Amino acid sequence: MQNFTNEELEILRGLFSVIGRKYDKSGKYVSLIAQGEREVNTKVAKNILSDLKSILKILKPTNTNL
């Protein structure tokens, strides 16, 4: 099960290693979580997924006019 769309993964791609450092994990580990190739069944994995979602809320463009 993929956690994010390809567009969202593209937005997040450069942040995998940064988030990995926060939790003392590799960027590849974070990438696997984002792609849904690693189960989110530990506290660290859940925190990583939560951080990815929070960052995406900030970085993902919206279609609203200001």
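Axes here are lines fitted to C-alpha atoms, for helices over the stretch in contact. The model is predicted.

**Exercise 1.** Work out how helices H3 and H4 are oriented to each other, and which residues make the contact.

*Solution.* 
1. Find the helices. H3 covers residues 27-35 and H4 covers residues 43-59.
2. Take the geometry. The two pack at an angle of about 75 degrees, and their axes are 10 Å apart.
3. Apply the cut-off. Angles from 65 to 115 degrees count as roughly perpendicular. H3 and H4 are therefore roughly perpendicular to each other.
4. List the contact. H3 supplies Tyr 29, Val 30, Ile 33 and Ala 34. H4 supplies Ala 45, Ile 48, Leu 49 and Leu 52.
5. Sort these residues by type. Eight are nonpolar, none is polar and none is charged.

**Exercise 2.** Find the buried residues of H3 and say what they pack against.

*Solution.* 
1. Pick out the buried residues of H3. They are Tyr 29, Val 30, Ser 31, Ile 33 and Ala 34.
2. Look for their partners. They pack against H1 (6-12), H2 (16-22) and H4.
3. Look at the ring of Tyr 29. The charged end of Lys 25 sits over that ring, 5.5 Å from its centre.
4. Step past the helix. Gly 36 follows H3, and its phi is positive, near 80 degrees.

**Exercise 3.** Decide whether Asp 51 counts as buried or exposed, and name the residues it touches.

*Solution.* 
1. Asp 51 lies in H4.
2. Apply the cut-off. Buried means under 20% relative accessible area. Asp 51 has 18% relative accessibility, so it counts as buried.
3. Find its contacts. Leaving out residues up to four places away in sequence, Asp 51 touches Lys 22 and Tyr 23.

Technical notes. Residues are numbered from 1 along each chain as its sequence is written. This is a predicted model: local features need pLDDT of at least 70, side-chain atom pairs count only at pLDDT 80 or more; totals for chains, interfaces and linings use all residues. Side-chain values use heavy atoms; hydrogens and water are left out. Axes are lines fitted to C-alpha atoms, for helices over the stretch in contact, and angles run from 0 to 180 degrees between N-to-C directions. Helices (H or I, at least four residues) and strands (E, at least two) are DSSP runs, numbered from the N terminus. Angles under 35 degrees count as roughly parallel, over 145 as roughly antiparallel, 65 to 115 as roughly perpendicular and the rest as oblique. Contact means heavy atoms within 4.5 Å. Ala, Val, Leu, Ile, Met, Phe, Trp, Tyr, Cys and Pro count as nonpolar, Asp, Glu, Lys and Arg as charged, and the others, Gly among them, as polar. A charge sits over a ring if NZ of Lys or CZ of Arg is within 6 Å of the ring centre and within 35 degrees of the ring normal. Buried means under 20% relative accessible area, exposed over 50%, partly exposed in between (1.4 Å probe, protein chains only).
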